Amino acid sequence: MINKATVFQTETTPLSTFWTQSPEALCGLLHCKTDGLTTADATSRLTEYGPNSDVTTKTTGLSKAIMRRMLEPLSLILFVAGFVSIATGDITGGLIIVAILVLSIGLDTVQEGHAVKAAEMLRKSVALKAEVKRDGIFVQVPVEAVVPGDMIRVRAGDIVPADGLVMEGNAFTANEAALTGEPYPVEKRPGTVTASNVGEASNALFRGSVAQTGEAIALVVGTGGKTIFGAAASALVQEQALSPFQRDLREYGLMVARLTLALVVVIVAARTLLGQPILDTLLFSVALAVGLTPELLPMITTVTLSRGAIRMAGRKVIVKRLASIHDLGAMSVLCTDKTGTLTSAEITLASSLDPMGVDNGRAAKLGAIAANLGGDRGALDAALLKGSAGASDGWSLSGRHAFDFTRRLGSVLANGPEGLILIVKGAPEAVLALCSSQCADSLTSAIGDKERMAALEKVRALAEDGLRSIAVASRPWRGVVRNVETSDETDLIFEGFCAFADPPKPTAAGAITRLAAAGIKLKILSGDDPVVVRRLAGLVGLSAQSVLSGADIASMSDEALAIQVQSVDAFGRLAPDQKSRIVRALQARGAVVGFLGDGINDAPALKVADIGLSVDGATGVAQAAADMILLASDLEVVADGVEEGRRTFANILKYIRMGASSNFGNMLSMAVASLVLPFLPMLPMQILLNNLLYDFSEVGVPFDGVRAEATAKPQVWDMRGLIRFAAIMGPLSSLFDFLTFGILILVFKAAPEEFRTTWFLESMVTQILVIFIIRTNGRPWRDLPSPMLAASSLLALFVAVVLPFTPIGAWFGFVVPPFAVLVSIGVLVLIYLILAELVKPWAIKTTSKLVSRRGGQAVWPPLKAA
């Protein structure tokens with residue numbers, strides 16, 4: 001049986017756009033009356049529809065979170081490698097592998113625990129009590145007890161507890177900025193509207209908005225998850241998909257697992273058929289498997305990302321999820337809300353015009369006097385006072401007629417340097433209807449229908465530029481000083497217009513240009529009017545030729561939307577689910593998408609995006625859904641974060657590429673040698689020592705510098721490019737291994753112990769020294785490594801070269817090679833390094849041509865000390 005709550009307010013029912021219905025029609029659908037519910041009926045409906053609350057987030061226990069990370073392919077490989085190392089006698093190496101992995105999993109679990117807080121932040125942001133009409137009287141009930149069919153009363157300062165249709169309104173306005181992106185208070189009044197968009201529903205209240213002025217009575221239509229607010233909550237409790245970095249890491253782990261398993265099976269089978277000792281074969285195969293695993297990858301990744309997080313904090317970016325640092329560097333499209341990110345979210349006085357449309361401060365001056373003496377202290381009044389500072393000095397209040405939302409105007413009787421003046425301000429069409437003359441350039445002339453039409457045409461022109469206008473009129477006061485009445489607001493002189501804007505931040509255009517230069521497209525996703533969005537897009541340098549509205553998107557299929565989002569940069573009047581739908585459409589075409597937002601209506605898109613960005617001062621919901629929080633609400637901070645993210649990922653990719661090519665070459669050499677030589681080419685303990693020393697040589701990678709070209713474009717983990725690079729550099733290393741084998745066997749007739757020692761030395765020297773070559777696409781003597789990387793590499797090299805000549809070397813089965821052998825190997829190493837430097841540009845060129853499936857560029861991340 002399907003509960004009614006399951007199908008309530010879906011896209012296929014009239015309740016999805018309830019504000020287009022009449023009260024009678026809604027009451028028919030809800031089976032209620034317009035005078036409220038009885039207690040018994042409300043109790044029955046509460047059972048039927050469920051509580052007016054959101055789905056509780058399913059909290060993942062600590063053990064479950066840890067287990068999920070342990071079951072990742074790479075984690076399983078490393079755990080097996082660690083335990084096998086312990087079982088084969090390398091207790092120290094095995095414990096190091098396990099300890100590193102445990103530490104990495106622990107840090108990852110702690111960093112990503114923020115997701116559990118999202119729904120709780122939502123619940124804390126809504127009202128605890130609601131005023132509803134039960135049994136004929138208004139009573140206070142818990143907000144969870146509000147049901148469809150209830151009549152609610154909302155007063156100034158209240159948080160609206162549910163979605164509903166306004167039945168009565170008295171000067172009622174609501175702040176819906178967090179829901180729709182509209183920066184101005186929205187007037188709400190009874191009546192029917194035909195618009196299908198939430199932002200144009202002037203007769204509807206929405207859960208989570210805040211009553212600014214007046215009082216309203218509304219019929220509850222949607223509760224809980226069937227509200228606009230509830231849709232955001234339901235998106236947050238959904239399990240988040242793997243990020244691009246997590247997907248790539250999983251893919252890399254699976255590749256290593258397959259390669260390791262295949263190599264072990266081939267070697268065991270071949271050596272068994274050749275009659276080699278089974279125990280030695282198994283130990284050797286296990287050592288090879290351990291050698292192929294990137295034991296230090298979790299540590300390198302965690303340290304590099306953590307260091308990146310510290311550096312990003314210095315650039316005013318707080319990282320909540322470490323993997324998001326890579327995702328920020330891979331980002332190719334940034335979707336951003338308008339209010340508070342591109343704009344200052346502070347209404348300003350843009351211009352003061354006389355009736356002819358000429359700049360003149362008279363209207364703003366009179367408007368500021370009215371705002372100071374008798375305004376409602378709303379956003380427009382605050383802008384007037386700030387824009388005309390000091391204009392009201394010397395003026396006092398003698399009478400007032402409060403703003404009437406039905407007539408859409410208000411007035412004050414001001415006494416000052418010009419004597420007693422009645423000042424009226426309000427909606428242009430309402431004020432103009434009361435004017436009999438107009439004043440322009442100090443000349444007063446009669447005003448008729450033609451002049452009124454011309455004035456309203458100027459208002460429409462200002463609106464097309466994204467500006468909101470009010471009209472200001474006045475007249476000298478005649479008669480006794482008293483309070484102003486409606487009958488006094490006649491025979492006015494039209495003084496002009498005050499136009500207001502939510503202007504773009506001074507840094508917005510420059511930041512967008514900087515992001516574009518970094519290969520990142522920017523798109524505006526706003527709940528505000530498309531006209532306003534179009535103007536803003538033009539001001540900040542984006543394409544404003546086409547702006548899609550929420551109504552346009554609602555009529556499109558996913559396939560059509562995926563095509564449109566490629567060419568359209570601005571979107572207006574979007575519902576929360578439409579923002580997330582646009583993000584998915586961009587992802588469907590291969591983009592790595594970031595979303596920057598600060599409102600409740602942004603939470604679903606923040607959750608769906610590959611990288612969610614919020615700002616300090618944003619709603620708790622937005623911050624809980626985001627992966628990073630910007631301490632400064634500025635796109636310049638995003639650009640700084642992108643650069644830092646790319647630098648961080650470049651160093652991670654360096655370790656993976658170095659390790660993959662080195663391990664592949666070494667294991668290929670060992671596998672071939674084990675099949676053609678009558679003895680093991682290297683003992684299992686020697687293989688593990690080789691692997692451990694090489695890994696140690698790379699612990700300085702997180703501290704290495706990065707060249708500017710590595711941060712110029714979005715970076716992605718290109719698996720094909722990685723494999724191809726390893727396939728070029730690995731066999732080159734193996735070629736010189738085979739030359740070493742030939743010299744030792746054919747020229748020097750080396751015994752097994754001498755063979756193993758010499759090859760160990762050759763392998764370690766070539767592996768470590770080639771780090772300084774392949775870490776940069778420039779000449780290694782020009783692009784020097786960081787001191788930390790140089791120290792770790794040279795220390796590991798020193799230990800590897802000295803160890804065979806010490807008494808400890810005997811524990812590992814080493815002997816001192818003859819001087820002639822060492823000289824020969826030294827010559828081979830020199831030739832190898834020269835060839836590696838010559839082949840490197842070809843390998844780099846090969847990888848740089850590859851383009852990721854997610855829309856980024858496979859950038860070689862070379863390095864120069866930053």
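How much space lies in the second largest cavity? The volume, taken as the space filled by probe spheres set on grid points joined across faces, edges and corners, is about 80 Å³. The model is predicted, with local features requiring pLDDT of at least 70 and side-chain atom pairs pLDDT 80 or more, while totals for chains, interfaces and linings use all residues. Residues are numbered from 1 along each chain as its sequence is written, and side-chain values use heavy atoms, leaving out hydrogens and water.

The whole structure holds eight cavities of 30 Å³ or more (a cavity being a set of points on a 1 Å grid over the protein atoms alone where a 1.4 Å probe fits but cannot get out; lining residues have an atom within 4 Å of a point). The lining comprises five nonpolar, five polar and no charged residues (Ala, Val, Leu, Ile, Met, Phe, Trp, Tyr, Cys and Pro count as nonpolar, Asp, Glu, Lys and Arg as charged, the others, Gly among them, as polar).

Asn690 is placed in helix α26 (residues 684–697). Asn690 counts as buried because its relative accessibility is 3% (buried means under 20% relative accessible area, with a 1.4 Å probe and protein chains only). Its side chain makes a polar contact with that of Ser763 at 3.1 Å (N or O atoms within 3.5 Å, one able to donate a hydrogen and the other to accept it within protein; residues adjacent in sequence count only if both atoms are side-chain atoms).

Note on methods:
Helices (H or I, at least four residues) and strands (E, at least two) are DSSP runs, numbered from the N terminus. Buried means under 20% relative accessible area, exposed over 50%, partly exposed in between (1.4 Å probe, protein chains only). On a 1 Å grid over the protein atoms alone, a cavity is a set of points where a 1.4 Å probe fits but cannot get out, and a pocket is an open set with protein on both sides within 12 Å along at least five of seven lines; lining residues have an atom within 4 Å of a point.
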